[in-house]
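I am opening a notebook on a structure that is new to me. The entries below record what I looked up.

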Amino acid sequence: EIKERRHWDISGQERLDIIKDFANFGMEHWGSDDKGLETTRKFLLEWLSFTYRYAPFGILKSPPQRINERLPMYRGRNDIETLLSSPNCQDWVKITEMFLGKVKDDFQFIPKHKANSYS
């Protein structure tokens, strides 16, 4: 992107493929047993709590986005983009379920950091 001096407008499906790779690498590293899946899920959820703030270049009203600029809620170009941009933790859990299977009924996720807050 920098070398070619162009902006990379990554699609929702391409982002989902990156998440799939992350999940596969996690299962390869920690194993595909219950403990390995839950460890992978924990790291994936923490990562998604950062990446949901990514705004695709094609959606930006006045590109490029500034480092301190927070975008208002937006609807993605498709359902996948909208899901990936959701600030709701339960949506992140749904994303992990696509690759790591269903979570237990008593599962809860609370991000460890304040990166997902706008205040």
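**Entry 1: salt bridges**

I began with charge pairs. How many salt bridges does the count come to? The count comes to 3 salt bridges. I note that the model is a predicted one. Side chains of opposite charge can pair when their charged atoms come close.

I looked up R41 next. R41 forms a salt bridge with E38, and their closest N and O atoms are 3.6 Å apart. Both residues lie in helix α2, 3 residues apart, about one turn of the helix. Is R41 buried or exposed? R41 is buried, at a relative accessible area of 1%. E38 counts as partly exposed, with 29% relative accessibility.

Then I turned to D91 and K94. Their side chains meet in a salt bridge of 3.5 Å, N to O. D91 and K94 are 3 residues apart in helix α4, separated by about one helical turn. D91 has a relative accessible area of 15%, which is under the 20% limit, so D91 is buried. K94 is partly exposed at 46% relative accessibility.

I also looked up K102 and E97. The side chains of K102 and E97 meet at 3.8 Å, N to O, in a salt bridge. K102 has a relative accessible area of 68%, over the 50% limit, so K102 is exposed. E97, at 21% relative accessibility, counts as partly exposed.

**Entry 2: the chain**

I stepped back to the chain. It has 4 helices and 0 strands. From the N terminus on, I read the elements as α-α-α-α. The chain has 119 residues, and 32% of them count as buried.

I checked contacts too. I took those between residues at least 6 apart in sequence, and 63% of them join residues at least 24 apart. The protein chain exposes about 8400 Å². Carbon and sulfur atoms supply 54% of that area.

**Entry 3: the nonpolar core**

In soluble globular proteins, nonpolar side chains tend to be buried together. I looked up the largest nonpolar core here. It has 17 residues. Which of them touch the most other members? They are I19, L44, L48, W92, L100 and F109. Helices α1, α2 and α4 (89-100) each supply at least two residues of this core. Helix α4 gives the most to this core, with 5 residues.

**Entry 4: aromatic pairs**

A pair of aromatic rings is described by the distance of the centres and the angle of the planes. How many aromatic pairs does the structure hold? It holds 3 aromatic pairs.

I looked up F22 and W47. Their ring centres are 4.7 Å apart and their planes are at 5°, so the pair is stacked. F22 lies in helix α1 (residues 12-30) and W47 in helix α2 (residues 34-51), so this pair ties together parts that are 25 residues apart in sequence. F22 is partly exposed, with a relative accessible area of 26%. W47 is partly exposed as well, at 28%.

I then looked up W30 and F43. Their ring centres are 4.9 Å apart, with planes at 15°, so this pair is stacked. W30 lies in helix α1 and F43 in helix α2, so the pair ties together parts that are 13 residues apart in sequence. W30 has a relative accessible area of 35% and is partly exposed. F43 counts as partly exposed at 40% relative accessibility.

How values were computed
Residues numbered from 1 in each chain as written. Predicted model: local features only at pLDDT ≥ 70, side-chain atom pairs only at ≥ 80, totals over all residues. Heavy atoms only, no water. Phe/Tyr/Trp six-rings, centres within 6.5 Å; stacked < 30°, edge-to-face > 60°. Buried < 20%, exposed > 50% of the residue type's maximum accessible area, 1.4 Å probe, protein only. Contact = heavy atoms within 4.5 Å. Areas by Shrake-Rupley, 256 points an atom, 1.4 Å probe, with all protein chains shown as cover. Core = buried A, V, L, I, M, F, W, Y, C linked by side-chain atoms within 4.5 Å. Salt bridge = Lys/Arg side-chain N within 4 Å of Asp/Glu carboxyl O.
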